Structure formats: structure tokens, C-alpha cells
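Please open the model in your viewer and keep the selection panel at hand.

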Amino acid sequence: MKADREEKEVLQIELPRDLARRLRDFSREHRIPESLVVERALREYFTMGDLAH
């Protein structure tokens, strides 16, 4: 996967408590690191095209 070869940068973000809980639960259930879930979601978000919301 291309993203694995890219240089990484550590960011600290704040999430609403419920969203953070959902992220942890999803990651645990699917055995996917939380950082990878966020990375994939952001890549999809930025490539959607319409960011007018």
C-alpha cells in the first residue's frame, strides 16, 4: 500500500467523546489501528470533490 511508504507525521486532535468512543470500538471490532481508520476517512473526505458543507 502506497501510504505505508509515505513519511508519517504525528498529530494530536480532539474529538467529541462519543465520536472517540465509536472510533475505538470500530477499530477494536475490525482489528484496524485507529490511526489507519482516521487516515482512510480523511483521504476519502479530501477526494470527494465537494467540500461545500
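Predicted model: local features only at pLDDT ≥ 70, side-chain atom pairs only at ≥ 80, totals over all residues.

Residues are numbered from 1 along each chain as its sequence is written, and side-chain values use heavy atoms, with hydrogens and water left out.

**Helix α3**

Select α3 (34-47); helices are DSSP runs of H or I with at least four residues, numbered from the N terminus. From its first C-alpha to its last, α3 reaches 20 Å with 14 residues, close to the 20 Å expected at 1.5 Å a residue (the expected span is 1.5 Å times one less than the number of residues). Gly49 follows α3 and has a positive phi, near 100°.

The axes of α2 and α3 cross at roughly 110° and come within 9 Å; axes are lines fitted to C-alpha atoms, for helices over the stretch in contact, with angles from 0 to 180 degrees between N-to-C directions. The two helices, α2 and α3, are therefore roughly perpendicular to each other (65 to 115 degrees). Leu23, Arg24, Phe26 and Ser27 of α2 make the contact with Glu34, Val37 and Val38 of α3, where contact means heavy atoms within 4.5 Å.

**The largest pocket**

Next, select Glu9, Leu11, Ser35, Val38 and Glu39, which lie nearest the centre of the largest pocket among its 19 lining residues. A pocket is an open set of points on a 1 Å grid over the protein atoms alone, where a 1.4 Å probe fits, with protein on both sides within 12 Å along at least five of seven lines; lining residues have an atom within 4 Å of a point. The space in this pocket is about 690 Å³. With eight residues, α3 gives the most to its lining.

**The second largest pocket**

Finally, select Ile13, Leu15, Leu19, Arg22, Leu23, Phe26, Val37, Val38, Ala41 and Leu42, which line the second largest pocket. Its volume is about 240 Å³.

Notes: Points joined across faces, edges and corners; volume = space filled by probe spheres on them. Parallel < 35°, antiparallel > 145°, perpendicular 65-115°, else oblique.
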